[in-house]
Amino acid sequence: MNKALFRALMAEHNDTQRTLSNIMGISEQTFSAKLNEKGGAAFNKAEMSFIKKHYNLSATKMDMIFFNN
């Protein structure tokens, strides 16, 4: 996961971990663990789909954030 790119995207839309986690319906701690990939935590398909729709991301941008290190 490209955490820096994801954080930049969030900042571009004036989102914080708190606001985005609330919108997604997960705790801020869970969101942080997934963002930092702590203990094997990762965003699941439904969460990635939500993020894609929320930010209107292209497949290329999704790949850049979630699949290309």
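Is the crossing of helix 4 and helix 5 left-handed or right-handed? I looked it up in this predicted model, and the crossing is right-handed.

Next I checked which residues make that contact. Helix 4 puts in Met 48, Ile 51 and Lys 52, while helix 5 brings Ala 59, Met 62, Phe 66 and Phe 67. I sorted these contact residues by type and got six nonpolar, no polar and one charged.

Then the geometry. I have helix 4 as residues 45-55 and helix 5 as residues 59-67, with axes that come within 11 Å and cross at roughly 130°. That angle makes helix 4 oblique to helix 5.

Setting aside neighbours within four places in sequence, I found Met 62 in contact with Met 48, Lys 52, Leu 57 and Phe 67. I also noted Ser 49, which is 13 residues from Met 62 along the chain, with 9.4 Å between their C-alpha atoms.

Moved on to helix 3, residues 28-36. Which of its residues are buried? I get Phe 31, Lys 34 and Leu 35. Looking down the axis of helix 3, I see these buried residues fall within an arc of 100°, so they line one face of the helix. They pack against helix 1 (3-12), helix 2 (17-24) and helix 4.

Last entry: just after helix 3, I noted that Glu 37 has a positive phi of about 55°.

Terms used:
Residues numbered from 1 in each chain as written. Predicted model: local features only at pLDDT ≥ 70, side-chain atom pairs only at ≥ 80, totals over all residues. Heavy atoms only, no water. Axes fitted to C-alpha atoms, helices over the stretch in contact; angles between N-to-C directions. Helix = DSSP H or I, 4+ residues; strand = E, 2+ residues; numbered from the N terminus. Parallel < 35°, antiparallel > 145°, perpendicular 65-115°, else oblique. Left-handed = near helix turned anticlockwise from the far one by under 90°. Contact = heavy atoms within 4.5 Å. Nonpolar A, V, L, I, M, F, W, Y, C, P; charged D, E, K, R; others polar. Buried < 20%, exposed > 50% of the residue type's maximum accessible area, 1.4 Å probe, protein only. Arc of directions from axis to C-beta.
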